[in-house]
Structures are given as structure tokens and as C-alpha cells.
Amino acid sequence: MNPCTCFFRLGKGRRGSIRFLSPPVFLSSDLQLLQWGSEGSLNHRDRNSAPQPLLNPRGGLLPCCLGAGRGLGAGRGLGAGREAVTSSRRRKNMAGASGLGTGPGAAGGDGDDSLYPIAVLIDELRNEDVQPPLENLATVEETVVRDKAVESLRQISQEHTPVALEAYFVPLVKRLASGDWFTSRTSACSLFSVCYPRASNAVKAEIRQQFRSLCSDDTPMVRRAAASKLGEFAKVLELDSVKSEIVPLFTNLASDEQDSVRLLAVEACVSIAQLLSQDDLETLVMPTLRQAVEDKSWRVRYMVADKFSELQKAMGPKITLNDLIPAFQNLLKDCEAEVRAAAAHKVKELGENLPIEDRETIIMNQILPYIKELVSDTNPHVKSALASVIMGLSTILGKENTIEHLLPLFLAQLKDECPEVRLNIISNLDCVNEVIGIRQLSQSLLPAIVELAEDAKWRVRLAIIEYMPLLAGQLGVEFFDEKLNSLCMAWLVDHVYAIREAATNNLMKLVQKFGTEWAQNTIVPKVLVMANDPNYLHRMTTLFCINALSEACGQEITTKQMLPIVLKMAGDQVANVRFNVAKSLQKIGPILDTNALQGEVKPVLQKLGQDEDMDVKYFAQEAISVVAQRLRKLDFPVKDSGEPSVPRADKNHFPRPRVPGEDTGKGPVYQLHGDTRDTLAQLEIAELVHFSQSRD
Amino acid sequence: GRVKEMNTYAWPTVFGGAGGESERTRADIISTVEFNYSGDLLATGDKGGRVVIFQREQENKSRPHSRGEYNVYSTFQSHEPEFDYLKSLEIEEKINKIRWLPQQNAAHFLLSTNDKTIKLWKISERDKRAEGYNLKDEDGRLRDPFRITALRVPILKPMDLMVEASPRRIFANAHTYHINSISVNSDHETYLSADDLRINLWHLEITDRSFNIVDIKPANMEELTEVITAAEFHPHQCNVFVYSSSKGTIRLCDMRSSALCDRHSKFFEEPEDPSSRSFFSEIISSISDVKFSHSGRYMMTRDYLSVKVWDLNMESRPVETHQVHEYLRSKLCSLYENDCIFDKFECCWNGSDSAIMTGSYNNFFRMFDRDTRRDVTLEASRESSKPRASLKPRKVCTGGKRKKDEISVDSLDFNKKILHTAWHPADNVIAVAATNNLYIFQDKIN
């Protein structure tokens, strides 16, 4: 290729995405705002910028930077007093907004993501003369920016008086609605509903007219935006207009050539149905909804299935019985698995939303036959969708029906080839437990659990571990000890770390459930035996278990049974074990008493602190400082009025004075802060002082 | 107007290496050519991963002849060579396809793809620049926020028009095999990408998720008998797309009927003529390109020797078959030996669907008028044409006696192939990529 005369850029330059709450950055490379600002006199403002402090003492940015831009547009400056007042409010809101700001960074490169924080900022200004930039932002091509700008405009609209609304806001919406590019017209779709209620009748007619024309826009994007806002707009319209104008629009959109538009009409259907009487529903909405149920496109049918509960509520019991139940049957046997799965998900809600007196018969006669089919569906997603809700039917159908009709299904599902189905059944056992008691199931349950526990996929094993505490609660301690305890111990030596980790947490939850005595008799001995395992990973698992269990087991078991093992392992030949000993000692420190800390833990940690391995040394020193803190607190409870007894230690590190034995058992009182090294250095000094004091 | 005098294409513009053959490098070889929806912009991609965009000049009184001329508008590096460390594979930077998005604001957007990664680019103009930022100095370096003691409002300064291309989205890691096609849906929010065995559906705003809609990979790769060679969405019906295969068949799928489109709703196949069966039958019947007509009623497929037009309502055989270079049938053996038989020729429709164009060897390209059934062979080369003169039709002599102006089959240069051509969506302007040269011809101005 010939080199060209035109300018080009590789687009690879360094362009950090500009995030909020990072140091003040919002006047960045943003053409949109600047173009607007340039209508005023930028230079003028620049020359006259008052020598007032623009950064407030806390380093936060005063809003003058924006006030300046705004002042330009309006041809005036803002008083410093007001700025100072608004700044605190903004700081609060900035923090809130930053959580929302995750999207645009991912959205890509340059340019528009810097618009995002501005949209958020202007959001809080609530002043009509900020509309020009928002109007601009509502037309950019990045959807996240546009959406945020529209959200701000909607909030601003509420601050307008009716007069101001018609003078400033409605014209803006009209400009957007007749914009050249689809981006501005899509934004307009979301703004009609906020200005309609307070507009005069003449303006209302115009707004309706504009919404109508956007519903038949050339581009599918605008029609989609209109369809998605149709329900919201219908809610603010007068009932007559809903019938005469919204319903025809709804009918049109529901038969749009693009299925992406038609499926949005289903959503609108819910809102519209809430506004109309039963008779109107039958004549105005139902024909369209029936058409949607049989739409050629599975995505539209999927939407009906997905919104089924909402539709059911909006349509009322009569239409539900006559139309929706047969429609639901069709969805349950749809040829597309996605549709069947979506419908299967709604089985329980459907039952719950039926009138109480008819529930049982309707489900038994009209739904259950289809459910039975789905239990052996060819598609695993359908089966697992059903398995996730089917247990909920037992409360609706009562004990007898559950035992006679549902139980065989549950048992079949517990033997399903797809692990997700089995998991979903097991995870919802509590529903059945309430109705028929879990004993009915336990015989079939056990093989299913064992099989899942040994599944080749570790994610499946992980999932079943998560349900163990729940199962233990349902099945009781005896059943557990007899059948499941060995599984829980086997997971501790799984070859996947995530499983061993989950198994450790599982033990903790079990101890919380069954109590310390149970732990002492069944769990702790087995865990401690692993400390002598030839595999260092298993030895480490002992330490991890101790970390998790010590809190739940309390001081006595920890000191008498666990601590000796931990201390013994300090001489392990594998460095990983040794530094985990240090970590464990740090972890269980808060549970131990002074004697143990001083007499047993400290010497071992000091020895580890001299270890040849630098990691062991590091963690030992970290533990020493934490233990030292603890000791200091036990020996020298800080007086309310006085300074901390240790120089250079930050007072804030002591949440409140404590006395020995006051321990709530809620984990370490003190936690290392973000920058470990600095804190550590500080603590080491503190610790030296402390030990020298105690020697005295 | 329609292409009545197809041979009156004048010759205003050639882009490309001005030097001789020796200077031609691999990276400069054009690998795709595509007009945007208005035809005002023309994008080319090359084997070096670059995208060059040409813009049509507006009417200009001082230079009356410049109307319609295309000049370079923007050049940018779309893809870089990469290495897949997991599979120890080099990923070429070659641009396989470019597709424009319908224009949504003052900027233009296009998708470009190499074998693995699709990128969405924004091409926008800028004629003002801001100066006096608070947070960065004039060189663009960030200033220490604690050293900023006063705020200022940046000032807009006019500057020379600058065209920037910036990457907006990168759609990666969804294709195991090589991407051969991308196509934007008429719903303006999704597009498809096809590789040898699978077709994925993407949302233009979502880069971390795509839906697989077609998967023809057999459980056992030894049972593999065909691959996907091209795929395209219907221009108006958002739910319809087609894909062609190496066996010479085309499947039309309706996305309404099912989430997975492994089962087609139409299957287009022409019964094989047993008399012409040979060792090469299957290779030359492989479809290298499929394109819907603008009307959406027809589609066109290109195989090695011919281009076929299919009516979407008739699956049993094409409504038209045009021979592109039938004289090569006797030379298939040597074409197989030099691998030319695997060349993937593309094809295109004119704006009114009345004519079609596709490439051949020896820098020849062919045009077929569907109404008059006339066809013409033209040559894209610097030597044989003078600026603003009409292109002369060329003839390949197949018999023993060579007439004057004819060229013998044996003297065709198979290294000069025209694989990629594009036709302006409204006007009679065509773009022809001949290895590293881009020729833009247009209807003679009266």
C-alpha cells in the first residue's frame, strides 16, 4: 500500500480507562462536553478564574470544575459558598456511583468511557442548565453511557416544575426523538413516560404522537427501545388512550418482522394487562398473547414462558384457567428445549399463583402429566430446570399426593444420569422434609449422594459438599455418623485443592450444627491423625482444619488437643508445612490463653522466626507480631482515657479495651491492614518494646 | 443505471505497490475488499493485518474529473501476528474478512477478523483538539494529582482533520478453527462468525459470550467429510442465514425454529452430472463464497469453475449457472499440482442484482449480465489500460487457432489471481483486488 497523506493512528496508545474516585480526572479528553462548553466563552472563564482554593482541605475536588463548565453554558459563575455545601453531598454520592462504574471500563478503549463519570456527576447537579451535555451524552454510541445519561435525565425531569418541564425538558425529548441517528431516538423512548404525567393536554397529545412514530421506526434498535418502554409508558397514560393507542401499538410490535422486537412486546403485555378490565383483556390483549404463545420463533415463546408468572398474575384467574394453562401445557412440550426449560422453571410459581381452592386439582390433572414427561426429557437443561423447582410442588399438593405422585419422580431424578439434576433435587430437600419427612427419601438419597461425592468432575463434588451441612441438619446426627461421616473425611484427602478446602469449611459448619462434643469424639481425632501422614499436603490439611475448627471448638479443645499437634508440626521437614504452622498459630492465637501463648506458642514462633526458609521466617514474624498484640492486650488492658501503653502503636488499632476471657470467639481481634509490610514494621517495634517490658 | 455496456468501465484509480513484481511483499497482498452501505467508503484488508479505508471524493468544481474518485481515508493496523502457546500455533495477522456495520452516527464502524479474533473498529473524524488539561501535560503524561493546585478549563483548538481508528470491542477465544466469514444481522445487534466446523452468534456489545448455533464437528474427526466454507445472514430476514460447504451444498437455517441450528430448514444441492465426474469433481464443487442478493430473493455461490444463482424457493437446482473459466477444466491436473485448485474466489452482486462479478486468473475478472445473458472478461492491469480509457474485453482462446487479441490458455499466469472483488451498492463502481494492487473502475462519465 502507498503511504497515505491522511492522518492515521494505530489506536494502541496508552489509554487507561478513567475511573471514578481515582484522583480527580473528569475533565479529560472529552470532546462532547467541551464542544458544548465552547458555546460559551471558555477563555473568558479561564482568564478570570478566581484565585480561590479549588481543592478542599481533604483533597477532594470541589465542584467548581464542573461549575465552571456549567457557568459557561449559562453565562454566569457559581458562588463558592454553594459549592462547598454541595461538595459533601457529592462525596457521598460519588462513592455510591463508583460501584456502578464497572461497565464502561470493559467496554473498551478511549473516548466515551471518560464521559461516564461526567454523566454520573451531572446526575447529582439537578439543574436544568446541565441538559445540553446530558442531551449529548444521550446520543453517543456506547450504550452504557447513553443509559446512564438517560437515567440522569429521568431524575432531572422530576425536579422540574410543570412549566419548566414544558419549556425545557419536553423540547429536549422531542429533539432526541427526531434525531438523525438511532442512538438519540432510542434514548427518547425512555423519556416520554417521565414527562407525560405532568404535561398539558396539548403536549400530551404530541408526546403520544411521537411515541407512536418511534414504535414504527425504520431501525429495529429504536423499535426495540420503544417496545421495551411500551409497558412503562402505558402506565402513565389515561385509560382511554391505553385502549385506543397503546393496544394497537402493542399489537403491531407483537407482530413485528424482527423477533427481537416481538419478544419485547411480551414484556409490555404484562404491564398493559394490569391496566385493563377482564373484558378488555379478552378482546384487546389475548388475541395477541395467543399469537405469541404460538409464535414461529422460539425466542418469543421462551419469553412467554419466562414471563409466565407475571402474565398469570396480570391476567387474573379466569383467563389463566381458560387460556394460560393450556398455553403452559404447550410450552412444557415445546419442540425447543430452551422453551421447555424456561417453562419447567415456572412450574412451582404457577402452582403458587393459582387460587388456593383449585390448586391441587389443576396441578394434578392439567400440569402433572406434563411434568412426568419432563422428568425423562432428552435435554439435561430441561431436566435440571425441573429438578430445581419440582420439590416445591410438595407443599402445594400435600402429603398424600406427594408420596403417591411426586415421590416416584424424585426417586427417578435422584438416579438421573445428569449430576446437575441429582444435585438440584438434593439441594431442595428441605421443601420435602417439611411435608413428608426426609426418611421417605433417605434410602434413595444415600446412593445418590455417594455417587455425587465420588463424581469424576470436581465441580460436582464441590457442589455436593456445599449441601452437606443442610443434609446433615435434615438427616440428623445418627444417620450422618453412620453414612456420611466417612465421605466428609474422604474429601479431606481429595486430590483437588478446592475440594479439600471446601471439606475443611464443611467440617466447621458441621461442628456448628452438631456441637463441640460431637466434634471432639468424631472429627478432631481423625483430623489430628492426618498430621502424621507421609503426604505433606495432607499434613497441611490438618492445619487448615485446625484453623477452621478451633473457633467452633472453643478454647479447651484447641489448647489441649489441637495446639500440641500444631506445635509438633513446627519441626516438619517441608517448609510449606512450617509456615502454615506459623499461620495457624496466628489464627488460633486469639482462642488461646496467656499461658499457652507465652509458654508454648511464643518460643515456637521465635524458633520459626529464625528458620532458614524466608517464607517461614516471614510468616513467623507476622504471627509473632499478632500474638504480641494479643499478649499485650491480655496483660495491659488499655485504659479508656490513657494513651496506649506502647509508644508508636496507633491507637486506632485497638477497637476497644479488652480483658482476658472476654473473647467473643469471633476470630482474631486484630487483623493486618492493607499494606502488611508497613504495619508489620510498626508492630515489630511495638513487640520489641513489649517483650522488654515483660522481662522487667 | 444498469450495466448495459459492461465494457465501458473507465479506469480512474489504482492503488498499490507502484514498483514491479519484485517489490511485491506478502504482507501487501490484499485479502478482502468491502464497500460500506452507502458506498462512500471502501475498506481493504491485507495479509499484513492492515486495514486501508478509501473515501469517495465529493463533487469538486476545481477538479471536475475528481468526482467519484476514491482516496485513502485511513490506514490502521487491525491485527498483529500472535502465537498460541497452548497449541504451539502461529496466528497470522491476515485479515480474512471485513464487514461494515450500518451507520449509527457520524462515525463508521466495521468488523475485521483474522483466523481467530474479531475486532470492532470505530473510524471517526476529529478536527478540534483540547488543550490545557488539568490531569495531563501537553505531552499527554499524567500529572501528579497532588501537585495540581489550580483548575483550568481545557480549550478547544481547531486542527487539521484527523481520522482515527480505535478498537471498540475484541471478540476473541470463541473459534477453534479458522474463521472464514463474518456477517452482520439485519437486527443490527448481532452478527455471526463461521469457522471450518462451527458458527457462532455474537451480540455486538458483548465480547465475553457467544452462542454456538451450528456445530458440524463429528465426534470422531476421522469421520469428517465436509467443512463450512462460508456463511451469511439474510439481508432482511433477521432469523435466516445460510452456510455453504466443501461438498458444494448450501444449508439455509431458520433461527426461529430452534436455538441450535444443526438441522437446516432448506438444503440446496444440484444433482451431479455423472458424465463429467472425475477425480477433481469434489474439489471443484466446493463452494468458496455465498452471497445473498440485495433483494433477499436469490443467493449466489461460487465454486471453482462456475458461479450459480439460486432462487431461495427452489432447492433442487440453481436458476442460473455462469461459467467463469470453463477452459480450465482440461487443466485441473496441473492446477491441482500447483494448489491453485484450492483458491477461494469470491463473488458479488451489483446494486440492483442485475449483474454479478467474480474473479479468475491472469488478472482477469468476469461480469455476467443476468438479463441479457451477456458476459465479459476484463483485465485489471496497469500495462493494458490507460487512464480514462475504456477497458477492453479479453478473450481466452481455447481451440487450436489463436486469433489476434486472444490469449492462449497455456499462457495464463496463475500467480495473478483476482480473488476479491466488490461492487458499489448503488453505482457502477467496482473494486478489484489483484494481489497487492487495488483497482477501482467506474462507469464512464458521459
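Which residues have the most contacts inside the largest nonpolar core? They are M315(A), I426(A), W491(A) and L585(A), in a core of 197 residues.

## Basis

This is a predicted model, in which local features need pLDDT of at least 70 and side-chain atom pairs count only at pLDDT 80 or more, while totals for chains, interfaces and linings use all residues. Residues are numbered from 1 along each chain as its sequence is written, chains are lettered from A and ligands numbered from 1 in the order in which they are written, and side-chain values use heavy atoms, without hydrogens and water.

## Chain A

Chain A has 35 helices and zero strands (DSSP runs: H or I of at least four residues for helices, E of at least two for strands, numbered from the N terminus). Of its 696 residues, 55% are buried (under 20% relative accessible area with a 1.4 Å probe, protein chains only).

## Nonpolar cores

A nonpolar core is a set of buried Ala, Val, Leu, Ile, Met, Phe, Trp, Tyr and Cys residues joined through side-chain atoms within 4.5 Å. Another core, of 19 residues, lies apart from it and includes Y327(B) and F364(B).

In chain A, helix 19 (residues 337-345) and helix 22 (residues 380-389) pack at about 5°, with axes 8 Å apart (lines fitted to C-alpha atoms over the stretch in contact, with angles from 0 to 180 degrees between N-to-C directions). The two helices of chain A are therefore roughly parallel (angles under 35 degrees).

Key: Buried < 20%, exposed > 50% of the residue type's maximum accessible area, 1.4 Å probe, protein only. Parallel < 35°, antiparallel > 145°, perpendicular 65-115°, else oblique.
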